[in-house]
Amino acid sequence: MLADLGAAALRLLDPETAHTLALRALAMGMGPAHSAPSPPRLKTSIAGLALANPLGLAAGFDKNAQALNGLSRMGFGFIEAGTVTPKAQEGNARPRLFRLAEDGAVINRMGFNNGGLHVFLDNIRLHRSGAIIGANIGANKDSKDRVEDYAVGYARVHPWADYVTVNVSSPNTPGLRGLQDKGALETLLARLGGVRSGFAGARKPLFLKIAPDLDGTAIDDIATLALAHGLDGLIISNTTIARPESLASRYKGETGGLSGDPLFGLSTKILLLFAQRLMGQMCLIGVGGVRDAATALAKVKAGASAVQLYSALALQGPALIPALLQELDARLAAEGFATLDEAIGADAR
Ligand SMILES: Cc1cc2nc3c(=O)[nH]c(=O)nc-3n(C[C@H](O)[C@H](O)[C@H](O)COP(=O)(O)O)c2cc1C
């Protein structure tokens, strides 16, 4: 209850200040503790990593990996820290984070504000708990060689993370999403393949996080390259640059990536298209508008082995996590699924 009161108080502040305070509190061990173990039915795995439940925290919430312990006590099955760039950077001018409460949405144009690899690695070394931790890597805005930024990031985070995500889908670093184009993606994945081969036996899963704003050709190209370069999975999706007609909030015209409820349909559609191409060949993680058990289960049925959320946590507070897990267990049981795994891709076949 205290945690909910805290979350309600935080919602009265400007969104970025609220976020900074919440992270600090979590880092100091003042966050909520969800002590009940996950229902056994919810066990799953992503690229061979066993998860107690399929609900992950999406990247961007803990960019510097400063609150991993506090976050893992909230009940998540896994946590993705970052995006981290090689060098520290300020990000865009404030305000750069907007709550679209009426729309159940968020718009952000943070621009990879983070303390750089040095701070990230110090934190991850210090604060690693038993939780499954992913490291999401990106490129500096002013980098002369973005491919090299990813190669450096990959090599540095690899020893400390359970998996690594290559984020080529943030709309807030100009030109970054161009790395999803066939030629550029080929170059990037080939370079990462070279770095990866150095890790041989100890190689961790490598995921690519993509945008929801992709046409059929781009989907085909990404699926083909992901297979050719031996990626372990895709994270689908980042925020959208689209602005659905339905948006009502006064912030709907702000520049940046839109997330939350209005992203659910688009990101789930793209997930399903990838699942129809790739199911059984690599793991898919569904992100975008997960806010309750129904939306989480829809992603699983579309082909996701696990899901992640961000906006719903910011809008609803941490009580959402245990409630969602209980309800997901009940829904699976009601629909006759003995395990979560049985439901994965039920709509994609
Ligand atoms: C404020 C904010 C910052 C974000 N920062 C990152 C980031 O650094 N790296 C990344 O891969 N995704 C980032 N995202 C995208 C989320 O990880 C997620 O893909 C997206 O918000 C859709 O999920 P949601 O609808 O549950 O929020 C950010 C999202 C928000 C709202």
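Modeller: A residue counts as buried under 20% relative accessible area, exposed over 50% and partly exposed in between (1.4 Å probe, protein chains only). The structure is a predicted model, in which local features need pLDDT of at least 70, side-chain atom pairs count only at pLDDT 80 or more, and totals for chains, interfaces and linings use all residues. Residues are numbered from 1 along each chain as its sequence is written, and side-chain values use heavy atoms, with hydrogens and water left out.

Biologist: Is F112 buried or exposed?

Modeller: F112 is found in the loop between strand 6 (105-108) and helix 4 (116-127); helices (H or I, at least four residues) and strands (E, at least two) are DSSP runs, numbered from the N terminus. Its phi is near 55 degrees, a positive value in a residue other than glycine. Because its relative accessibility is 4%, F112 counts as buried.

Biologist: What is phi of A65?

Modeller: A65 lies in the loop between strand 3 (55-57) and helix 3 (68-72). With 0% relative accessibility, A65 is buried. This residue is not glycine, yet its phi is positive, near 55 degrees.

Biologist: How many strands form the closed barrel?

Modeller: The strands run in the order 3-4-7-8-9-10-12-13, with parallel pairing; two strands pair if DSSP finds at least two bridges between them.

Biologist: Which residue in strand 10 is the bridge partner of K209?

Modeller: Strand 9 (residues 206-210) and strand 10 (residues 233-236) pair in the parallel sense over four bridges. In strand 10, the bridge partner of K209 is I235.

Biologist: What angle does the direction of helix 8 make with that of strand 10?

Modeller: Axes are lines fitted to C-alpha atoms, for helices over the stretch in contact, and angles run from 0 to 180 degrees between N-to-C directions. Helix 8 (residues 264-278) packs on the sheet and touches strand 9, strand 10 and strand 12 (283-287), where contact means heavy atoms within 4.5 Å. Its direction and that of strand 10 make an angle of about 165 degrees.

Biologist: Which residue does a cis peptide bond join to S237?

Modeller: S237 is found in the loop between strand 10 and strand 11 (257-260). The cis bond has an omega of about 20 degrees, and the residue it joins to S237 is I236.

Biologist: What distance separates the C-alpha atoms of A304 and I236?

Modeller: A304 sits in the loop between helix 9 (293-302) and strand 13 (306-309), and its relative accessible area of 0% makes it buried. Not counting residues up to four places away in sequence, A304 touches L271, L284, I285, G286, K299 and I344. I236 is 68 residues apart from A304 along the chain, and their C-alpha atoms are separated by 8.9 Å.

Biologist: Are helix 5 and helix 6 roughly parallel or roughly antiparallel to each other?

Modeller: Helix 5 (residues 146-157) and helix 6 (residues 182-197) pack with their axes 10 Å apart, at an angle of about 30 degrees. Angles under 35 degrees count as roughly parallel, over 145 as roughly antiparallel, 65 to 115 as roughly perpendicular and the rest as oblique. Helix 5 and helix 6 are therefore roughly parallel.

Biologist: Which residues of helix 6 meet helix 5?

Modeller: The residues taking part from helix 5 are V147, E148, Y150, A151, Y154 and A155. Their counterparts in helix 6 are L188, R191, L192, V195 and R196.
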